[in-house]
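Open the model in a viewer and keep the selection tool at hand.

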Amino acid sequence: MAKITLHGNEIHTNGNLPNIGSAAPDFTLVNKDLENVSLSAFPGKRKILNIVPSLDTPVCAMSAKKFNDYAKEHEDTAILVISADLPFAMSRFCVSENLEHLTPLSIMRSQEFSKEYGVLIEDGPLAGITARAIVVMDQNNAVVHTELIGEIANEPDYKAAIQALGRVS
């Protein structure tokens, strides 16, 4: 269990992010076409999982935009934005913001992803959705960087995530 805060008030996740060097847990999430998607949908790509509570918040929206800007120049990297939002809402957001270089995925069918990655918020007003976190993987799905953002209202360390990709061959 990890301690994080929401506007300074302590809340908890169900566990911890995957360990650096470990194989990332596989997952089944839902894309904009209501299809199930797993890690195997991104073969040979480096991956940034930008895990957010909801794209309908300023900080989550900003992180999606910043990682989309990175992805424009790096086709070898899949940027997956994972949230509790419905796929339709995520798709509308991406279209309205011209975010064409990332893949929005929803946890709508199961909390398994949230549990496996240790980001399920267990208490407080956001109980049941994901904490804000970053997981960076190499092309073989080995975890090379993680960050659980201590205060949900804060942005992730973009530079650290992108630098971690630079260490991936």
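Two strands count as paired if DSSP finds at least two bridges between them; helices (H or I, at least four residues) and strands (E, at least two) are DSSP runs numbered from the N terminus. This is a predicted model, in which local features need pLDDT of at least 70 and side-chain atom pairs count only at pLDDT 80 or more, while totals for chains, interfaces and linings use all residues. Residues are numbered from 1 along each chain as its sequence is written, and side-chain values use heavy atoms, with hydrogens and water left out.

Select residues 3-6, strand E1, and residues 9-12, strand E2: the two run antiparallel and are joined by four bridges. Threonine 5 stands opposite glutamate 10 of E2. Two residues lie between the strands of this hairpin, and histidine 7 has a positive phi near 55 degrees. Now colour E1 by face: Ile4 and Leu6 are on the covered face, Lys3 and Thr5 on the uncovered one. In a regular strand the side chains alternate between the two faces of the sheet.

Next, select leucine 86, in the loop between strand E6 (77-83) and helix H2 (87-96).

Finally, show everything: the protein has four helices and nine strands. Its C-alpha trace spans about 40 × 35 × 25 Å along the principal axes. Of the 169 residues, 51% are buried.

Methods. Buried < 20%, exposed > 50% of the residue type's maximum accessible area, 1.4 Å probe, protein only.
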